[in-house]
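Please read the following account with the sequence and the coordinates at hand, moving from the packing of helices to the pairing of charged side chains.

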Amino acid sequence: MRRLPASIPWRSLFWLALALITFLALMPWTQELPRPFQWSDKLNHFAAFVVLVWSLKAAYPLKNWQAWLWMLVYGAAIESIQSFLPWRSAEWADLAVDALAALTGLLLYPLFERTVLYFWAIISPSKNNKQGQ
């Protein structure tokens with residue numbers, strides 16, 4: 001299995017993503033979404049948990065089941081905290097989407113890895129070019 005480039009600060013990116021997503025999940029939201037966008041909450045959950053599980057796997061050497069379990073615990077924690085906030089509400093459907101998104105992210109992780117490696121090879125200077133200069 002090929003490793004992602006160590007020069008990318010994966011752990012910092014994971015913790016930054018986690019902090020941003022936590023902030024967005026807990027901030028006050030008082031507007032009702034227009035009817036065509038009512039499912040956007042679930043799409044936001046899905047996108048957030050795919051990004052989180054990708055960055056978690058890139059940052060830490062976890063087995064897939066461990067990464068999925070961490071994401072499930074995080075999703076449950078967010079929903080639990082939201083149940084105590086007057087401007088938020090907890091939903092089982094959100095937790096189900098979180099779990100499904102984490103699983104989908106894990107299934108797509110090899111594609112994420114190949115994509116990062118492909119673009120990293122394009123944008124990073126090669127060792128051969130450095131030696132010739």
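At what angle do helix 1 and helix 2 pack, and how far apart are their axes? Two packed helices are described by the angle between their axes and the distance between the axes. In this predicted model, helix 1, which covers residues 10-26, packs against helix 2, residues 40-59, at an angle of about 155°, and their axes are 8 Å apart. Because angles over 145 degrees count as roughly antiparallel, helix 1 is roughly antiparallel to helix 2.

Sorted by class, the contact of helix 1 with helix 2 has 10 nonpolar residues, together with one polar and one charged residue.

From the helix pair we turn to charged side chains. Side chains of opposite charge can pair when their charged atoms come close. How many salt bridges does a search of the whole structure find? The search finds three, and D41, K42, E91 and D94 are linked by salt bridges in a network.

One of these salt bridges joins K42 to D41, with the closest N and O atoms 3.1 Å apart. K42 has a relative accessible area of 14% and is therefore buried, the cut-off for that class being under 20%, whereas D41, at 24% relative accessibility, counts as partly exposed.

K42 also forms a salt bridge with E91, and here the closest N and O atoms are 2.9 Å apart. This pair links distant parts of the chain, since E91 sits in the loop between helix 3 (64-84) and helix 4 (92-123) while K42 belongs to helix 2, the two being 49 residues apart. E91 has a relative accessible area of 33%, so this residue is partly exposed.

A further salt bridge is formed where the side chains of D94 and K42 meet, at 2.6 Å from N to O. Because D94 lies in helix 4 and K42 in helix 2, the pair ties together parts that are 52 residues apart in sequence. Is D94 buried or exposed? With a relative accessibility of 3%, D94 counts as buried.

Taken together, the pairings described here place K42 in a salt bridge with D41, with E91 and with D94, and the four residues are linked in a network.

Technical notes. Residues numbered from 1 in each chain as written. Predicted model: local features only at pLDDT ≥ 70, side-chain atom pairs only at ≥ 80, totals over all residues. Heavy atoms only, no water. Axes fitted to C-alpha atoms, helices over the stretch in contact; angles between N-to-C directions. Helix = DSSP H or I, 4+ residues; strand = E, 2+ residues; numbered from the N terminus. Parallel < 35°, antiparallel > 145°, perpendicular 65-115°, else oblique. Nonpolar A, V, L, I, M, F, W, Y, C, P; charged D, E, K, R; others polar. Buried < 20%, exposed > 50% of the residue type's maximum accessible area, 1.4 Å probe, protein only.
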